[in-house]
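Dear colleague,

Here is the structure you asked for. My notes on it follow below.

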Amino acid sequence: MKCQRFLSIPIIAVLLLMGFICYITVFIFIDDWVGLQSSAGYLNVLIFTVLASLCLFSFSSCVLIDPGHTPASYIPDVEDSGVSDQEPKKNVIQSRCCDKCSTYKPPRAHHCRVCRRCVLRMDHHCLWVNNCVGYWNYKAFFTLVLYATIGSLYSTTIIITCALQKDWEFSGSGSLKVFYVTCAATMAALTLTLGTLLGWHVYLIIRNMTTIEYYEAIRTEWLARKSGQSYRHPYNQSVYKNITSVLGPNMLKWLWPVAVSHLKDGLVFPTPRDNS
Ligand SMILES: [Zn+2]
Ligand SMILES: [Zn+2]
């Protein structure tokens, strides 16, 4: 049962944290700031609830969607591999074998030691979603980070606005001040962390790279420079094509975590050479 994936301490911790942030944002800070019965209160609760729901939906999708694994019948097509022309074909075949799974590895697939199998277009194994982030759930992971960043920023803004307009002379006891400052500082730190992660994945999507490929490219680039050659990531097409390869061709569905009808089998990836 895939739902058993939710039975992990990091996932329960994330869900509890989400619930706690939603509770304090709505029932303490929005209520204190404009009142839950006012129209401004209704509007802020509505916006925050939509953000939190999208975040929870992306999170559940990322946990439940299988990232994709290598079919047993897979045999690499060296001619259509998108690898460097200089690389000998024998080496290409050898480097595509997984010793642990005893199968061929498709391009961009990697073996995950935690999942104990080869994962298609593997980005990383994420402890917080108790799943590998790969071909089929990368979009859900990206939307999760996006909605979590926006939701966290929204909550931070409300806490700070609420604190600034509060008349501390009359209503502020010492412990209440400490509670406000602690919440504001914690939420600001969370927003900064999530924002950095979001920026990193936007950068990777724009360059059509996975986290693993980024670190591999650093070494390959260094080796290429040493031998007087230049290196270009083989799957980096135009910025727009790189974005649509992850988020899909329909811009209206870019931010919907499960709109992945554009994905094929995860075994072959277009390269700039295919267009020339
Ligand atoms: Zn493997
Ligand atoms: Zn994994």
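**Two loop residues**

R116 sits in the loop that runs between β3 (110-112) and β4 (117-119). Bear in mind that this is a predicted model. The phi angle of R116 is near 60 degrees, a positive value in a residue that is not glycine. Most residues other than glycine have a negative phi. Is R116 buried or exposed? R116 has 9 other C-beta atoms within 10 Å, and because 12 or fewer counts as exposed, R116 is exposed.

N130 also has a positive phi, near 50 degrees, and is again a residue other than glycine. N130 belongs to the loop between β5 (124-126) and β6 (131-133). Around N130 there are 19 other C-beta atoms within 10 Å. Buried would require 20 or more and exposed 12 or fewer, so N130 is classed as partly exposed.

**Overall make-up**

The chain has 276 residues, of which 31% are buried. Its secondary structure comes to 9 helices and 6 strands. Along the principal axes, the C-alpha atoms fill a box of roughly 80 × 45 × 35 Å. Of the contacts between residues at least 6 apart in sequence, 68% join residues at least 24 apart.

**Two domains**

The chain is divided into domain 1 (2-65 + 137-204) and domain 2 (78-136 + 207-275). Their C-alpha centres are 32 Å apart. Where they meet, 21 residues of domain 1 are in contact with 22 residues of domain 2. Which elements give two or more residues to the side of domain 1 that touches domain 2? They are α1 (9-33), α2 (39-64), α4 (138-165) and α6 (174-206). By residue type, this side of domain 1 divides into 14 nonpolar, 5 polar and 2 charged.

**Annotated transmembrane regions**

The UniProt entry, which is unreviewed, carries the annotation "transmembrane region" for residues 7-30, 42-65, 144-166 and 178-206. I looked at two of these spans in the model. Residues 144-166 are 96% helix and 0% strand, and the end C-alpha atoms of that span lie 33 Å apart. Residues 178-206 are 100% helix and 0% strand, with 42 Å between the end C-alpha atoms.

Regards

Notes: Residues are numbered from 1 along each chain as its sequence is written. Chains are lettered from A and ligands numbered from 1 in the order in which they are written. This is a predicted model: local features need pLDDT of at least 70, side-chain atom pairs count only at pLDDT 80 or more; totals for chains, interfaces and linings use all residues. UniProt positions are given in the numbering used here, feature names are shortened, and annotations may be inferred rather than shown by experiment. Helices (H or I, at least four residues) and strands (E, at least two) are DSSP runs, numbered from the N terminus. Domain bounds come from an automatic or database domain assignment. Two residues are in contact if their C-beta atoms, placed from the backbone, lie within 7 Å. Ala, Val, Leu, Ile, Met, Phe, Trp, Tyr, Cys and Pro count as nonpolar, Asp, Glu, Lys and Arg as charged, and the others, Gly among them, as polar.
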